[in-house]
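Hi,

Here is the structure I promised to pass on.

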Amino acid sequence: MDGWLLVGIALLLTALPGLGLGLVLVTGLWRPRQLEDAADPDRLRRSVGFRALAVAGAVAAPGAAILVMRG
């Protein structure tokens, strides 16, 4: 197992919490109280969820690419 394989695994593991948080926010399974004070809390919750998914995807994509190329 070389170092690049470990980097790919680390990137994928780093993206997991963001993917989970984004999916929970987008689907509406969790409604944080901090977002309820906004003018349109559902829209804000979805936009925060999509941003979390975008950041997690940006972290996971290079990790998956490294695993595919090196694995």
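**How two of the helices pack**

Helix α1 passes α3 in a left-handed crossing (the near helix is turned anticlockwise from the far one by less than a right angle). Helices here are DSSP runs of H or I with at least four residues, and strands are runs of E with at least two, numbered from the N terminus.

Before you go further: this is a predicted model, so local features need pLDDT of at least 70 and side-chain atom pairs count only at pLDDT 80 or more, while totals for chains, interfaces and linings use all residues. Residues are numbered from 1 along each chain as its sequence is written, and side-chain values use heavy atoms, without hydrogens and water.

Back to the pair: the axes of α1 (residues 3-27) and α3 (residues 41-70) come within 7 Å and cross at roughly 160°. Axes are lines fitted to C-alpha atoms, for helices over the stretch in contact, with angles from 0 to 180 degrees between N-to-C directions. The two helices are therefore roughly antiparallel to each other (an angle over 145 degrees).

**The whole chain**

The chain has 3 helices and 0 strands, in the order α-α-α from the N terminus. Its C-alpha atoms fill a box of roughly 50 × 15 × 15 Å along the principal axes. Of the 71 residues, 23% count as buried (under 20% relative accessible area, with a 1.4 Å probe and protein chains only).

Cheers

Key: Parallel < 35°, antiparallel > 145°, perpendicular 65-115°, else oblique. Buried < 20%, exposed > 50% of the residue type's maximum accessible area, 1.4 Å probe, protein only.
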